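Look at the sequence and structure first, then read on.

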Amino acid sequence: MAKTNPGRFFEDYSIGQVIDHAVPRTVSGGERALYHALYPARHALYSSDEFARSVGLPASPLDDLAAFHIVFGKTVPDVSLNAVANLGYAEGRWLKPVYAGDTLRSSSEVIGLKQNSNGKSGVVYVRTRGTNQRGEIVLDYCRWVMVRKKNIDAPAPETVLPDLKTVLAPEDLVIPEGLDFTNYDFTLAGEPHRWGDYEIGEQIDHVDGVTIEEAEHMLATRLWQNTAKVHFDATFREDGKRLIYGGHVISMARALSFNGLANAQMIVGLNGGAHANPCFAGDTIKVWSEVLDRAETAAPGVGALRLRLVATKGGAPFALKGEDGKYRPEVLLDLDYWALIPR
Amino acid sequence: MAKTNPGRFFEDYSIGQVIDHAVPRTVSGGERALYHALYPARHALYSSDEFARSVGLPASPLDDLAAFHIVFGKTVPDVSLNAVANLGYAEGRWLKPVYAGDTLRSSSEVIGLKQNSNGKSGVVYVRTRGTNQRGEIVLDYCRWVMVRKKNIDAPAPETVLPDLKTVLAPEDLVIPEGLDFTNYDFTLAGEPHRWGDYEIGEQIDHVDGVTIEEAEHMLATRLWQNTAKVHFDATFREDGKRLIYGGHVISMARALSFNGLANAQMIVGLNGGAHANPCFAGDTIKVWSEVLDRAETAAPGVGALRLRLVATKGGAPFALKGEDGKYRPEVLLDLDYWALIPR
Amino acid sequence: MAKTNPGRFFEDYSIGQVIDHAVPRTVSGGERALYHALYPARHALYSSDEFARSVGLPASPLDDLAAFHIVFGKTVPDVSLNAVANLGYAEGRWLKPVYAGDTLRSSSEVIGLKQNSNGKSGVVYVRTRGTNQRGEIVLDYCRWVMVRKKNIDAPAPETVLPDLKTVLAPEDLVIPEGLDFTNYDFTLAGEPHRWGDYEIGEQIDHVDGVTIEEAEHMLATRLWQNTAKVHFDATFREDGKRLIYGGHVISMARALSFNGLANAQMIVGLNGGAHANPCFAGDTIKVWSEVLDRAETAAPGVGALRLRLVATKGGAPFALKGEDGKYRPEVLLDLDYWALIPR
């Protein structure tokens, strides 16, 4: 019996199948510090325990995206080791903050399957849940990936396409227990702009840029225990390049959006996201945002903004797609998320 | 209203103005471990809780320079985003050690202004204070930077030049409460040399060298939440180079000085410092020190050494300035500080 | 008196000499997180406090190899600063797990000396012990290095060759107190293979590869406070290359062996090891293992596997030595160790 994990192929998935992913992970101040070293993260709620307490939380949580990457990383050996492409995300919800000392695990349920017309691959839809040591779900999201078949002759499964929301409604969002922005300190947070200062349709050029290094994306991707060979092994692709984990671009983009969205503190919903083009070491990431929607919430002083976050490698701000409707070649990421901001 | 921070220009500063800087930061064992990964730091007091307790402290503090970088980093968006040059430091004093769990914030007061004769820029002097979550000042220092004017026609402010000490007197230094070197373990610290073994005028070639990498200086500079574009964005300068944060050179130089100054445990005073030439990835940093002065202190067994710390990129030791009185081209840093050492 | 450490030369060692190494180190969650960022480490026992508790330990320990590197790093200034080569290891035993908050120190005893026939150097054998803050020995191993003489005319010492075991017997291994694999969760650990599934002689190609970066090996080597110039200073060797610390290759190889040996959780014995060829940045490390022996232990559900771990830079799996009996040029590491695995 071969001892190494060959990963699952398209024909290995079935509707309703639940996969408990391996390697639970306890986080500490170490993961928090590394997140701040890897990304120019400056949102005060994730930087200062005192600031977090001033808005009703017991301490500064692990960055929402770090929690996402940890939960996601565990799924890679079971879901995307033989993936051709990571196609999309939907219905991502952060349900509980993650604190130092928490232990995360994840599991995925297969919620959709569709064999491609070429018969060589298919699309697998999973709903992944991240759980803490008390069994509380901290994160819940869907993603779909194209996976190769190993045995071309394996019969096509019945096509099941999950009914996924293209956008989470404001009432779908879960506000962390106790969160209260009524005494929010805008000076310590870094910017004066509150919920009411952002208009739907408004676009923000976040100005700053970061040039990506091999060592950094590998440190990050390993930290999340993501094992996809293509990120680490320069001999894996014919062009000798290491493909950068899409989540590294997401975190870099989110951190860079601080300059203009310093008060968009917590991410609570992921409506969708596309890794429009691959990112490689040497690329300089710049980002822009667009306000897609606004909503009130039931929590005191807390509003929500639906934001588009676009990362480019050196492109001009606000250009997204060409006349052909396809992403422009310099666009790396198009992310659609809900964030909480003081009203 | 533009949402991003354009930084302040020379005409935006006024004498007596107090700027509370954003993004407080809680430190943990994560920052300590990263400091040891980024620099060859070996001073026992910062490496071992047990050693720190043996000299009267409750635990091993965060490295003094890490505390400096955190306090400094917060000032960048408000003080040096439009700076042409970081001109100098004075009267830097470490007043309280920083421990895991502490939360730091900083504020700066404008204490000097002088428009340059060209009318296009001016020098801004600030006194910056770093404060912990109990409101105790942990660090206090002055620096001055040359800042561009945005509006050339803005009237020149009245020139005010602060009266800054070129050297802190021994009685200005604050010894951490409880510090007692009478039972100091020289074997665990790594060298037998005590206060009395260092003579004024003595020069030490620290022998070791480290070649600088892009990934490392960016990890460090982000960790301190320093946002200056020039450190991160390879497209920012015409030559495509990323300028290395001067504080990265300071920490690298200090750590390299362990070999010969292993017992110069705590930095308590910064008399001055010049970033003589820019540092870029690929430079190999070597350092030498000179004993400038010696002083006794009131704490048991604790002496103080005033040290010059010079970092070069491959220069011969002990050469500092040319015949023209200017720093030699290979000199990166000339730092003047007070450190505590067992007597 | 020169202040810097020149290191010891061959004539400075004598049989029975005990050297207490400097710079004790307290570890925290920071070191754990960094270990996971630097290496693709996924063994569940070192990743999750909850998993560690489920097998009878109080929390997730620091990775065994991180403990080894910390203890080893302290010996470098005293043992291998003037070493020509690191020749071998024997009788390495992990005696106590290391937990966050523990402070490690190390000391070495000279147990063997043999001057080389050329009269210019000699082999020094030491037994090194790592101790925690309670004085408990956590690690004990022998290594031997070739060290230059400073004074060629110094008389040769009497040759003493220590009687070292080439392989630790199963009864030499120390099982951590309380370890109990009877309720081991194979799903969370990542693989179903237990002790009985591995046969003596079985070979495993671990498939994955990692390309090595300068920044990463220097971060790691500094984290362990290993000061050997050759790892950090690109101007030190004539070819301008930085030689990668052999321990970096050991940790990378062990982490890569997860894929096929996910349940070989704890390293308890180091029988021997050879750094067959130097490793440089840009090399892509791949690894394979061979099962050399199996043993039962007295702890509930706990078996032991003796494993050969071979790291190569791009070589085909399972090739180790050429017809001349020498290691093939692509082989970097040949390690022989005992690991604990559920029966």
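In which strand of chain B is Glu290(B) found? Glu290(B) is in strand β9 of chain B; strands (E, at least two residues) and helices (H or I, at least four residues) are DSSP runs, numbered from the N terminus.

This is a predicted model: local features need pLDDT of at least 70, side-chain atom pairs count only at pLDDT 80 or more, and totals for chains, interfaces and linings use all residues. Residues are numbered from 1 along each chain as its sequence is written, chains are lettered from A and ligands numbered from 1 in the order in which they are written, and side-chain values use heavy atoms, leaving out hydrogens and water.

**Glu290(B)**
- Glu290(B) counts as buried because its relative accessibility is 18%; buried means under 20% relative accessible area, exposed over 50%, and partly exposed in between (1.4 Å probe, protein chains only).
- Leaving aside neighbours within four places in sequence, Glu290(B) is in contact with Gly201(B), Glu202(B), Gln203(B), Arg306(B), Leu307(B) and Arg308(B). Contact means heavy atoms within 4.5 Å.

**Chain B against chain C**
- Chain B gives 46 residues to the contact and chain C gives 34 residues.
- About 3,000 Å² is buried between chain B and chain C, 59% of it on carbon and sulfur atoms. Buried area is the accessible area (1.4 Å probe) that two parts lose on being put together, summed over both.
- Ala37(B), Arg42(B) and Leu188(B) supply 21% of the area that chain B buries against chain C, more than any other three residues.
- Between chain B and chain C, 18 residue pairs are in polar contact (both at pLDDT 80 or more). A polar contact is a pair of N or O atoms within 3.5 Å; within protein, one must be able to donate a hydrogen and the other to accept it, and residues adjacent in sequence count only if both atoms are side-chain atoms.
- On the side of chain B that touches chain C, the elements that each supply at least two residues include α1 (29-38), β7 (203-211) and β9 (284-296).

**Salt bridges between chains**
- The interface of chain B and chain C holds 5 salt bridges; the rule asks for a side-chain nitrogen of Lys or Arg within 4 Å of a carboxyl oxygen of Asp or Glu.
- Lys229(C) pairs with Asp208(B) in a salt bridge at 3.3 Å, N to O.
- Lys3(C) and Glu202(B) form a salt bridge at 2.6 Å, N to O. Lys3(C) lies in the segment before β1 (18-20) of chain C and Glu202(B) in the loop between α5 and β7 of chain B, so the pair joins two chains. Both Lys3(C) and Glu202(B) are buried.

**Salt bridges within chain A**
- Over all chains the count is 63 salt bridges.
- Arg129(A) and Asp140(A) form a salt bridge, with closest N and O atoms 3.8 Å apart. Arg129(A) is in strand β5 and Asp140(A) in strand β6 of chain A, so the pair ties together parts 11 residues apart in sequence.
- Arg129(A) is partly exposed at 27% relative accessibility, whereas Asp140(A) is buried at 7%.
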